[in-house]
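Have a go at each task before reading its solution.

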Amino acid sequence: MKLGRFITLEGGEGVGKSTNLRFIEQLLAERGIEVVVTREPGGTELAENIRHLLLAKHHESITPEAELLLMFAARSQHIQHVILPALSQGRWVLCDRFTDATYAYQGGGRNMDIQTIAWLEQAVQGDLRPDLTLLLDAPLETGMLRVRQRGLLDRFESEQLDFFERVRQAYLRRAGLDRQRYKVIDASLALPEVQEQIVKAVDGLESV
Ligand code: Z5A
């Protein structure tokens, strides 16, 4: 049984997910809402180990199929041990990336079959879907510049520009299919303006 609300933050590299995750956490706390903040891949001990495997650079290349299955293996642990228990206790869950990232990175970026992703989604999640997905969208150069200023790049961040363009387009396509659940936020604006859009989207969810 699900009582709390499930909010996910999505978008490409450096669009401000982590920054705005902290902002939303504070916003909800001010309204007296108990919130669990978490991330994917990760969120449990085992899932964080899988995250490390996925982000590190290895001598052996990871096949797209292995990457996809590892994402869902981590997600299964995360859902059963963190997300569902919190929601069933009435707490809200705020998650940095979820299955939309799989559609965008493995589906869009790696050109993997969408039906296979949809099958795994159903098998691992059952009916669980986010109540609200904030898609932080910005031109590639904006996010890339922010990430590169940070220093060393992980395995995903080392991909080519056309990979990230496919990821961005896949996100926007999905958002276009369900305007109720997705709110596209213009993340190229200055932070106060980005956060103004976020407050509106979260207010919309609260009043539902
Ligand atoms: N992945 C996948 O392939 N499939 C899946 O199913 C899932 C994930 C779940 C996880 O990385 C990787 O896993 C990810 C996709 C893949 N690939 N990559 N890369 P992650 O989510 O942990 O890392 P990330 O996307 O690379 O996040 P990030 O680089 O940390 O970016 P961010 O959280 O969106 O940005 P930030 O740290 O909040 O902001 C970056 C900088 O910009 C920082 O200095 C801020 O102060 C600054 N900033 C933020 N907003 C603004 C504005 N509005 N103006 C100016 N400056 C700003």
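**Exercise 1.** Which residues of the largest nonpolar core touch the most other members?

*Solution.* Before starting, note that this is a predicted model, where local features need pLDDT of at least 70 and side-chain atom pairs pLDDT 80 or more, while totals for chains, interfaces and linings use all residues. Residues are numbered from 1 along each chain as its sequence is written, and side-chain values use heavy atoms, without hydrogens and water.

Step 1: a nonpolar core is a set of buried Ala, Val, Leu, Ile, Met, Phe, Trp, Tyr and Cys residues joined through side-chain atoms within 4.5 Å; buried means under 20% relative accessible area with a 1.4 Å probe, protein chains only.
Step 2: among the 22 members, Ile-7, Ile-24, Leu-28, Leu-134 and Ile-198 have the most partners.
Step 3: β1 (6-11), α1, β3 (92-96), β4 (132-137) and α8 (191-206) each give two or more residues (DSSP runs numbered from the N terminus: helices H or I, at least four residues; strands E, at least two). The largest share, 5 residues, belongs to α8.

**Exercise 2.** List what Ile-7 contacts beyond four places in sequence.

*Solution.* Contact means heavy atoms within 4.5 Å. The partners of Ile-7 include Leu-28, Trp-92, Leu-134 and Leu-205.

**Exercise 3.** Is Thr-44 buried or exposed?

*Solution.* Step 1: find Thr-44 in the loop between β2 (35-39) and α2 (45-55).
Step 1: Thr-44 counts as buried because its relative accessibility is 13%.

Key: Buried < 20%, exposed > 50% of the residue type's maximum accessible area, 1.4 Å probe, protein only.
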